[in-house]
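Dear colleague,

Please find the structure below for your study.

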Amino acid sequence: MTPELMIKACSFYTGHLVKTHFCTWRDVARTNENVALAEKMNRAVTCYNFRLQKSVFHHWHSYMEDQKEKLKNTLLRIQQIIYCHKLSIILTKWRNRARLKSKKKEDELILKHELQLKKWKNRLILKRAAAEESNFPEQSSSEGSLVDETLKCDISLLPERAILQIFIYLSLKDVIICGQVNHAWMLMTQLNSLWNAIDFSTVKNVIPDKYILSTLQRWRLNVLRLNFRGCLLRPKTFRSVNHCRNLQELNVSDCPTFTDESMRHISEGCPGVLYLNLSNTTITNRTMRLLPRHFHNLQNLSLAYCRRFTDKGLQYLNLGNGCHKLIYLDLSGCTQISVQGFRYIANSCTGITHLTINDMPTLTDNCVKALVEKCSRITSLVFTGAPHISDCTFKALSTCKLRKIRFEGNKRVTDASFKYIDKNYPNLSHIYMADCKGITDSSLRSLSPLRQLTVLNLANCVRIGDMGLKQFLDGPASIRIRELNLSNCVQLSDASVMKLSERCPNLNYLSLRNCDHLTAQGIGYIVNIFSLVSIDLSGTDISNEGLNVLSRHKKLKELSVSECYRISDVGIQAFCKSSLILEHLDVSYCSQLSDTIIKALAIYCINLTSLSIAGCPKITDSAMEMLSAKCHYLHILDISGCVLLTDEILEDLQIGCKQLRILKMQYCTNISKKAAQRMSSKVQQQEYNSNDPPRWFGYDREGNPLTELDNVTPSKGASELTVEKSTYSSEEQAA
């Protein structure tokens with residue numbers, strides 16, 4: 001065997017061996033790979049199945065949660081439906097019970113009203129019979145048994161403090177009458193504290209001078225306050241005041257016989273006077289010279305409409321100790337004062353805080369500038385009837401810390417006065433800017449930052465609209481506002497009232513008189529002002545629907561719906577049923593109203609103190625009889641233009657309304673002058689004439705509507721002048 005063959009044989013054997021082992025290895029490797037792949041496939045299948053189960057379970061869980069939530073919501077909805085159904089049943093029963101109770105209460109009120117009215121009529125019959133047949137004692141005794149239905153009470157057994165608290169509300173005339181009842185009552189009327197304040201003005205035409213002299217002589221050490229307003233007394237009577245050494249307050253306004261000589265005697269004997277009212281008297285510079293010499297502690301001084309003193313008299317105020325403690329000064333109507341006079345006031349009375357200057361057309365910006373140069377403590381300022389005051393006055397007043405400011409009827413005051421009002425007067429609480437035509441929405445925007453503002457009067461500011469009021473109410477000033485007068489702001493609408501209900505939680509008094517754009521929706525917003533007690537909607541378009549909505553406000557005490565021609569007896573009656581605390585009602589010049597409203601007032605509003613039914617020609621004596629029988633607290637009554645009323649109602653008012661103080665009976669054609677004269681002694685102020693109603697009333701002397709009206713009807717202002725001329729007061733009758 002050759003080496004080549006050996007090498008070839010070895011190579012073949014080696015290659016065959018390698019090939020055999022490689023194939024074996026390859027088969028083994030393939031087998032292991034298949035096993036591993038199978039295991040991986042098994043694991044992959046297991047993982048896939050797990051993920052699939054997990055996904056299915058997740059979807060199932062979500063589905064079940066949704067089903068549970070739907071079931072829960074369904075149960076809640078069913079519970080709500082059941083609760084609402086139960087609540088509806090409860091409310092229905094409550095409403096029926098409330099209606100039944102209200103109907104029962106209303107029936108009781110009506111029954112009580114009928115019984116009281118019947119008793120009232122019986123009482124009137126007995127009184128009239130007793131007046132006609134006063135010779136029969138049994139008749140008078142039967143009447144007395146009817147009148148004295150209340151239990152007798154001897155007030156003399158009460159403590160002295162309680163007795164004093166009772167008698168302090170009586171006038172001087174009533175105190176004198178009480179002192180004539182018996183000895184016990186006379187002792188009660190002689191309490192020293194009861195004679196600290198004596199008001200002779202209420203009996204100025206009845207009481208003689210000699211009684212005033214004796215009264216002042218007897219109580220000279222107790223008298224602290226004296227009021228002679230309007231008294232026509234002799235000089236000797238005024239001189240007797242100097243015996244009251246402790247006198248602190250003296251009012252001699254409107255006394256035509258009060259002179260400088262009277263003032264001299266008073267000043268020598270009463271050095272402690274703090275309050276002195278000399279309004280509308282004939283004092284001259286002599287009296288002005290006496291003030292700083294004798295009244296060193298004088299704080300309040302009124303010289304209104306005293307036109308006989310001059311600038312030199314004001315210069316006297318700086319003599320001696322001067323009037324440096326003066327804090328209140330009234331110079332209304334003193335047109336003789338010049339700029340130099342105001343300089344004298346500034347030099348003499350630097351501590352003035354309250355200044356009133358009304359009805360002074362000669363007042364200019366220079367006068368105010370001269371005054372505030374040294375009087376920087378002024379906090380209250382009243383300028384009415386001063387047409388020459390302009391924006392310059394506001395600029396001059398920036399040095400004062402004003403809290404109250406009042407301007408009326410001024411056309412020169414513009415928005416420029418209010419531009420920096422929040423910076424110059426941050427403490428302003430009262431702003432009266434009535435009838436200032438130059439004020440626009442821009443002024444209201446400037447007033448909005450005033451945090452202390454409580455009273456705002458913008459009556460007759462016709463350029464104010466919804467946008468300006470909205471900007472004002474968006475500021476902090478709306479939070480504390482209590483009184484808001486927007487009368488004759490004709491551009492305001494329901495949007496303003498809605499803003500008021502949202503931003504004024506403390507609003508008590510609101511006037512929207514002659515706001516023509518106010519609708520029933522706006523009335524609904526007024527109901528949401530829960531703090532409101534007084535609302536004036538006169539001259540608006542309010543209807544019975546609006547009154548029904550307004551009746552939901554249970555706290556209203558004062559309502560004025562004068563000249564509202566869409567309201568009727570139904571609306572007023574519905575309002576009265578829900579307003580048992582109503583005290584003031586004005587339905588004047590609503591000629592469509594009849595006796596029904598008086599009956600409603602007599603049944604539901606027995607606490608009524610003020611009522612105006614002027615211009616209501618359908619009111620008759622029977623209605624006024626019901627009013628007299630029930631409304632015993634009536635103080636003010638206006639029946640002008642009620643042409644069907646007769647003398648009989650005056651007798652009813654004398655018996656039933658003993659607290660009546662002011663009575664207006666203009667154009668009452670069926671009320672005689674003799675009856676009015678008798679009534680004038682029972683009230684403090686009375687206006688009466690028997691002329692035919694003016695044509696603008698809309699009806700004739702018999703209450704029938706006029707078929708044709710004049711093209712030019714007289715204004716109410718002109719009629720008021722006629723009323724003033726025909727005023728028939730109790731004081732004039734007594735004189």
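Where is the place of Asn514? Asn514 sits in the loop between strand 13 and helix 19. Helices here (H or I, at least four residues) and strands (E, at least two) are DSSP runs, numbered from the N terminus.

Before going further, please note that this is a predicted model, in which local features need pLDDT of at least 70 and side-chain atom pairs count only at pLDDT 80 or more, while totals for chains, interfaces and linings use all residues. Residues are numbered from 1 along each chain as its sequence is written, and side-chain values use heavy atoms, with hydrogens and water left out.

Two asparagines with positive phi

The phi of Asn514 is near 65°, a positive value in a residue other than glycine. Most residues other than glycine have a negative phi. Asn514 is partly exposed, with a relative accessible area of 27%; buried means under 20% relative accessible area, exposed over 50%, and partly exposed in between (1.4 Å probe, protein chains only). Asn460 likewise has a phi near 65°, which is positive although the residue is not glycine. Asn460 belongs to the loop between strand 11 (455-457) and helix 16, and its relative accessible area of 26% makes it partly exposed.

Around helix 19

Helix 19 (residues 520-527) has as its buried residues Gly522, Ile523, Gly524, Ile526 and Val527. Among the elements that cover these residues are helix 18 (494-503), strand 14 (534-536) and helix 20 (544-550); the contacts in this message are heavy atoms within 4.5 Å.

Salt bridges

Side chains of opposite charge can pair when their charged atoms come close. A salt bridge is a side-chain nitrogen of Lys or Arg within 4 Å of a carboxyl oxygen of Asp or Glu, and by this rule the count comes to 12 salt bridges.

Asp209 forms a salt bridge with Arg234, with 3.3 Å between the closest N and O atoms. Asp209 lies in helix 6 (residues 209-218) and Arg234 in the loop between strand 2 (225-227) and helix 7 (235-239), so this pair ties together parts that are 25 residues apart in sequence. Asp209 is buried, at a relative accessible area of 12%, whereas Arg234 is partly exposed, at 47%.

The side chains of Arg513 and Asp536 also meet in a salt bridge (3.2 Å, N to O). Because Arg513 lies in the loop between strand 13 (509-511) and helix 19 and Asp536 in strand 14, the pair ties together parts that are 23 residues apart in sequence. Arg513 is partly exposed, with a relative accessible area of 26%, while Asp536 is buried, with 13%.

Two helix pairs

How far apart are the axes of helix 16 and helix 18? The axes of helix 16 (residues 466-473) and helix 18 are 9 Å apart, and the two helices pack at an angle of about 10°. Axes are lines fitted to C-alpha atoms, for helices over the stretch in contact, and angles run from 0 to 180 degrees between N-to-C directions. Helix 16 and helix 18 are therefore roughly parallel to each other; angles under 35 degrees count as roughly parallel, over 145 as roughly antiparallel, 65 to 115 as roughly perpendicular and the rest as oblique. In this pair, Asp466, Leu469, Lys470 and Leu473 of helix 16 meet Ala495, Ser496, Lys499, Leu500 and Arg503 of helix 18. Lys470 also forms a salt bridge with Asp474, the closest N and O atoms being 3.1 Å apart.

Helix 23 (residues 621-630) and helix 24 (residues 648-656) have axes that come within 9 Å and cross at roughly 5°, and are therefore roughly parallel to each other. Here Asp621, Met624, Glu625 and Ser628 in helix 23 meet Glu648, Ile649, Asp652, Leu653 and Gly656 in helix 24.

A buried serine

Is Ser332 buried or exposed? Ser332 counts as buried because its relative accessibility is 3%. Ser332 is found in the loop between strand 6 (328-330) and helix 11 (339-348). A polar atom of the Ser332 side chain lies 3.0 Å from the backbone nitrogen of Asn358. Neighbours within four places in sequence aside, Ser332 is in contact with Leu303, Ala304, Tyr305, Thr356, Ile357 and Asn358.

With kind regards

How values were computed: A polar contact is a pair of N or O atoms within 3.5 Å; within protein, one must be able to donate a hydrogen and the other to accept it, and residues adjacent in sequence count only if both atoms are side-chain atoms.
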